[in-house]
Every structure is written in C-alpha cells, then in structure tokens.
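Subject: Structure for you to look at

Hi,

Here is the structure I promised to pass on. Have a look at it first, then read my notes below.

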Amino acid sequence: MGTILDEIITQKKAELDSLPSGPLKADREPVSLAEMIKDSNTMAVISEVKRASPSKGDINQSVNPAEQAAKYAGGGADAISVLTDQKFFSGTMEDLGQVKRTVDVPVLNKDFIIDTRQIDNACRHGADVILLIVAALDDAALKALCGHAESLGLDVLVEVHDEAEMERALRIEPEIIGINNRDLKTFTVDIANTEKLLGKYRDSGPLFIAESGIRTREDALRMQCAGARGLLVGETLMTADDPAGKIEELKVEL
Ligand SMILES: O=P(O)(O)OC[C@@H](O)[C@@H](O)c1c[nH]c2ccccc12
C-alpha cells in the first residue's frame with residue numbers, strides 16, 4: 001500500500017513538465033530565515049497559511065492569504081510559511097506571491113520539492129526559504145536540491161521525523177532542521193517527538209524548529225525546553241479568532 005506521501009510525490013512528478021519556466025529574478029535579495037532565528041531572543045514563530053490538508057480536510061478555505069499574512073506579521077510572526085500544493089492542500093503559487101508582496105519577514109515555500117525546477121519556480125514567486133522533506137528524497141537528491149537552493153541565495157528548512165532521517169539530514173550540515181511532529185504516513189501528531197529527538201541531537205549544530213501540533217503556550221514552553229529555537233504553526237493560527245494574539249502567546253522567551 002502506498003502512503004499519502006507516495007501519492008503526493010507521484011502527483012508532483014506528473015506536474016513537473018507543466019511548470020512555468022523563464023528568468024529568475026536576479027536582482028532580488030532573499031531574506032534569511034537562519035539570520036532571523038539567530039538574532040531573535042524569543043522562539044521564532046513561523047506562521048503558516050494552510051487552507052486544507054489531507055489529515056484535516058478543510059481548515060479555512062475562504063482565507064485571503066495576504067490578509068492572513070498581514071495579521072501574522074502584526075502579531076510578531078518571524079516568518080510566514082505558505083502551503084502551495086494545490087491538489088492536497090488547496091494552495092497556489094499565487095498565494096506565495098501575494099504574501100511576499102505583503103510582508104517583510106522571510107517567506108517559506110511549503111511544498112513537496114523533488115526537482116530543481118520547483119525551486120526555480122519558488123524563487124520566481126518570491127520565496128526566501130524552501131522546504132526539503134528528507135522522507136521524500138534520496139541522499140543524492142537531498143544534497144543536490146539543497147545546493148541548488150543555496151546557489152540562488154535561498155535558505156533551506158530540512159524536515160525530518162525520526163532518528164534515521166535526522167542522521168541523513170545532518171550529513172549535509174543544514175543550518176536549519178525542522179522536526180515534524182506529524183508522522184506523514186499515519187498522520188499521528190505528538191509534540192513529544194521533538195522532545196525525543198532533541199534529547200539526543202540538540203547540540204549537533206543546526207537551529208531546530210518544532211513543526212506541527214503546537215496549540216498553547218505550554219506546548220511552546222515544552223518545545224523551548226527541549227532545545228527548539230522556533231515553531232512552525234498552521235492549523236492553530238488558521239482557526240484562531242485572533243491570530244496575532246495567538247502568536248504573541250506562543251512567542252516565549254529563550
Ligand atoms: O497545522 P499544524 O499542525 O500546526 O502543522 C503545520 C506544519 O508543520 C505542517 O503543515 C507541515 C509540516 N511539514 C509539512 C510538509 C508538507 C505539508 C505540511 C507540513
């Protein structure tokens with residue numbers, strides 16, 4: 001039986017040939033997420049625009065990405081993540097472009113990247129940071145895609161879920177590693193996953209971001225105690241009555 005990740009990757013492969021090509025905006029200067037995290041004396045809250053997901057179905061289909069991003073920035077979001085996968089998450093690359101035109105903080109293109117053409121397209125739409133999911137890539141592809149993004153001046157968030165993936169990620173010496181608390185195979189979410197992995201790896205070099213399942217200040221404090229320097233928060237902010245207030249609640253001091 002194929003997993004949802006296999007299904008998404010198959011779809012991504014089918015879309016590759018129809019990706020637009022054209023010049024990369026050579027004059028633009030991407031904003032660095034790593035620098036932002038290093039300079040901050042609070043947990044960095046990377047706030048996500050996500051309309052729907054395979055695990056939750058519809059989350060907030062009617063959202064206006066630019067308005068939502070402006071609310072996030074107003075609450076002190078350190079970066080905005082925009083889910084651009086269309087088929088499974090109801091996002092678009094235009095969402096990313098709109099958000100980039102609205103905020104000054106780094107913008108992360110959250111998608112399932114398996115090819116350099118997707119990175120070029122992210123760059124064209126104004127991404128400052130891309131996501132590379134270790135579970136979706138072999139070692140050679142992970143290294144090559146990371147190098148390609150860096151050659152364009154983009155930061156890379158390398159996502160892992162377990163120890164084997166952490167070992168593979170550390171071999172390419174990334175600046176930022178995201179630990180996903182959601183198992184992409186079973187959709188189980190448990191923030192103890194970050195605590196478990198950072199129990200072993202917190203001093204291994206990279207800046208660590210705890211991803212998924214963060215709801216309360218207590219969760220944020222747990223992640224901070226574990227050694228995370230930031231949080232990636234989607235659903236909690238997409239369904240909050242006051243997203244800016246929620247971000248303030250989650251931005252605990254380091
Ligand atoms: O909505 P949550 O539980 O706060 O999760 C946000 C983010 O971590 C999640 O959207 C995510 C983490 N890694 C991903 C990879 C692909 C798509 C989505 C994701």
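A residue counts as near a molecule or strand if its C-beta atom, placed from the backbone, lies within 6 Å of it. Of the 15 residues around the ligand, the nearest are Glu211, Ser212, Leu232, Gly234 and Glu235.

Two bits of housekeeping. This is a predicted model: local features need pLDDT of at least 70, side-chain atom pairs count only at pLDDT 80 or more, and totals for chains, interfaces and linings use all residues. Numbering starts from 1 along each chain as its sequence is written.

Strand S10 (230-233) and helix H10 (235-238) each give at least two residues to the ligand shell. (Helices are DSSP runs of H or I with at least four residues, strands are runs of E with at least two, and both are numbered from the N terminus.)

Now to strand S5 (107-110). Val107 and Asn109 point one way from S5, Leu108 and Lys110 the other, and all are buried, meaning 20 or more other C-beta atoms lie within 10 Å of their own, with C-beta atoms placed from the backbone. In a regular strand, side chains alternate between the two faces of the sheet.

S5 runs parallel to S4 (residues 79-83), joined by four bridges; strands pair if DSSP finds at least two bridges between them. Ser81 has Leu108 as its bridge partner, and Leu108 also stands opposite Val129 in S6. From S5 the chain crosses through H5 to S6 in a right-handed β-α-β crossover: with the strands pointing away from the viewer, the path from the first strand over the helix to the second runs clockwise.

Cheers

Methods
Two residues are in contact if their C-beta atoms, placed from the backbone, lie within 7 Å. A residue is buried if 20 or more other C-beta atoms lie within 10 Å of its own, exposed if 12 or fewer, and partly exposed in between; C-beta atoms are placed from the backbone.
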